[in-house]
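Hi,

Here is the structure I said I would pass on. Have a look at it first, and then read my notes below.

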Amino acid sequence: MQLHFSPSMRSITISSSNNNGFIDLMKIKVAARHISYRTLFHTILILAFLLPFVFILTALVTLEGVNNCSSFDCLGRRLGPKFLRRVDDSGRLVRDFYEILNEVKTEEIPADQKLPDSFDQLVSDMKNNQYDAKTFAFMLRGMMEKFEREIRESKFAELMNKHFAASSIPKGIHCLSLRLTDEYSSNAQARKQLPPPELLPLLSDNSNHHFILSTDNILAASVVVTSTVQSSLKPEKIVFHVITDKKTYPGMHSWFALNPVSPAVVEIKGIHQFDWLTRENVPVLEAVENQNGIRDYYHGNHVLGANLSDTTPRKFASKLQARSPKYISLLNHLRIYIPELFPNLDKVVFLDDDVVIQRDLSPLWEIDLEGKVNGAVETCKGEDEWVMSKRFRNYFNFSHPLVAEHLDPEECAWAYGMNIFDLSAWRRTNIRETYHSWLKENLKSNLTMWKLGTLPPALIAFKGHVHPIDPSWHMLGLGYQNNTNIERVKKAAVIHYNGQSKPWLQIGFEHLRPFWSKYVNYSNDFVRNCHILEP
């Protein structure tokens, strides 16, 4: 488009080309005015030169405080940058701030730097004291490091409290044991023979399905037995051998005498009732249970001497779990003596007291172990990478020369808690002797070969004697994996609450507890009067 002014400035011709290539003309006559048209023309020229500078100035003012401007006279400030197509400088500001953060990252925070306790206080200090960007970065870094230390300390304190909660006996379970023990002394029905004399032959009948459970927790034992019987398609073939310690024996006997699980058979035996369990046969375990240094390690101050700055909360939690007092209990090591304690049995299933049976286990007796002693689930492969990622390196100290010489760190570990034991094959091995031998070596080395209780020596003793079984038989981790897949829990034959968060404790996971608590008889007078944890 072109403008043509007549010499007299009384007419203006506007010409433009259209899409068809023709020229359109428009002539405008200007009426007379009091102001000289030549003067008007010069004014327009001057404004044409001044307007770009006005827009530039408007843009600069906009950068200084456009957000604080809302009046009509700020319209130029708001529209100017858009007409000038000025680029936002926020990216440059961010880059400058990155440079400042990198600078203060390697410098020491000034000793006199006072750190705010909250974000609101930080904003208030910045406003009142007009800090520069570097001071702000130092304050930000100091606050972050302070909060990280506090969170870390709180996490370690939480882990310690959880360890103490897991190692203690809940008041309700202690009450249950005391009341049942008192019942044993005052009620003849609670002292009746288990099983009745006419059923004694079933205790050594290998055509039945024999389960062995070693525990001093009466409530947990009742859940294991009840869930097994209720899930079985052949409950009349079930024989349970429950082993407990001397102090718990009266209460355990009372419970199963007063709450029979017929048609299954239950036998209760105390450690003191096994003639084979003498000091001559278990000298190493006597040493483990009575040596002062070992007892201090498991019962002493777990934080004293520990360098918490060099460890992570997860590693610290593993160390605490390894120092559970149960690991020096003879009752916990008893599984290694099953062939001697039950000389007439050929095949048994061993269960921990923190498991729940959800499916008929009869097919376990039909599994061909191919001459092996121990049918177990391997724990080095599975969907849950935290629970099912255990190899020998997770249990042993491979900087110890004996460990490095005899063991492979990449060898797959397996799980205790639900194991099929071929006792006939076991008796033809030296598993018990190997177990004792390595326990002695670990005691000599002041527990530097491994820390975690009964599984590490068993991993060595059963080396070459383990037959892997399908993982669906035994699902682990419900006592420490909060994100356990619920659908997989429902499908598993045996679920195992291994870890600190047992379902009978307040620290147990609420969404996993119902799988256990549905087998607790909350209508029982003893359970109700002791206020056992209800779902």
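A residue counts as buried when its relative accessible area is under 20%. Keep in mind that this is a predicted model.

Take H6 (residues 171-186) to begin with: its axis passes 7 Å from that of H8 (residues 249-258), and the two pack at an angle of about 80°. That makes H6 roughly perpendicular to H8. On the H6 side, the residues that meet H8 are Leu176, Ser177, Leu180, Thr181, Glu183 and Tyr184. Their partners in H8 are Tyr249, Pro250, Gly251, His253, Ser254, Trp255 and Leu258. Sorted by type, the residues of this contact come out as 7 nonpolar, 5 polar and 1 charged.

Then there is H7 (residues 218-231). Because 13 of its 14 residues are buried, H7 is largely enclosed by the rest of the structure. At its start, a side-chain oxygen of Asn217 comes to within 3.2 Å of the backbone nitrogen of Leu219.

Next, two single residues.

Leu202 sits in the loop between H6 and strand E4 (209-214). Its relative accessible area is 25%, which means that it is partly exposed. Which residues does Leu202 touch, leaving aside neighbours within four places in sequence? They are Asn208, His210, Val239 and Val265. Val239 is 37 residues away along the chain, yet the C-alpha atoms of Leu202 and Val239 are separated by 7.5 Å.

Asn374 belongs to strand E9 (residues 374-376). Is Asn374 buried or exposed? Its relative accessible area is 0%, so Asn374 is buried. Its side chain makes a polar contact of 3.3 Å with the side chain of Asn419. Again leaving aside neighbours within four places in sequence, the residues in contact with Asn374 are Trp414, Asn419, Ile420, Phe421, Phe462, His465, Val466 and His467.

That's my tour; happy browsing!

Technical notes: Residues are numbered from 1 along each chain as its sequence is written. This is a predicted model: local features need pLDDT of at least 70, side-chain atom pairs count only at pLDDT 80 or more; totals for chains, interfaces and linings use all residues. Side-chain values use heavy atoms; hydrogens and water are left out. Helices (H or I, at least four residues) and strands (E, at least two) are DSSP runs, numbered from the N terminus. Buried means under 20% relative accessible area, exposed over 50%, partly exposed in between (1.4 Å probe, protein chains only). A polar contact is a pair of N or O atoms within 3.5 Å; within protein, one must be able to donate a hydrogen and the other to accept it, and residues adjacent in sequence count only if both atoms are side-chain atoms. Contact means heavy atoms within 4.5 Å. Axes are lines fitted to C-alpha atoms, for helices over the stretch in contact, and angles run from 0 to 180 degrees between N-to-C directions. Angles under 35 degrees count as roughly parallel, over 145 as roughly antiparallel, 65 to 115 as roughly perpendicular and the rest as oblique. Ala, Val, Leu, Ile, Met, Phe, Trp, Tyr, Cys and Pro count as nonpolar, Asp, Glu, Lys and Arg as charged, and the others, Gly among them, as polar.
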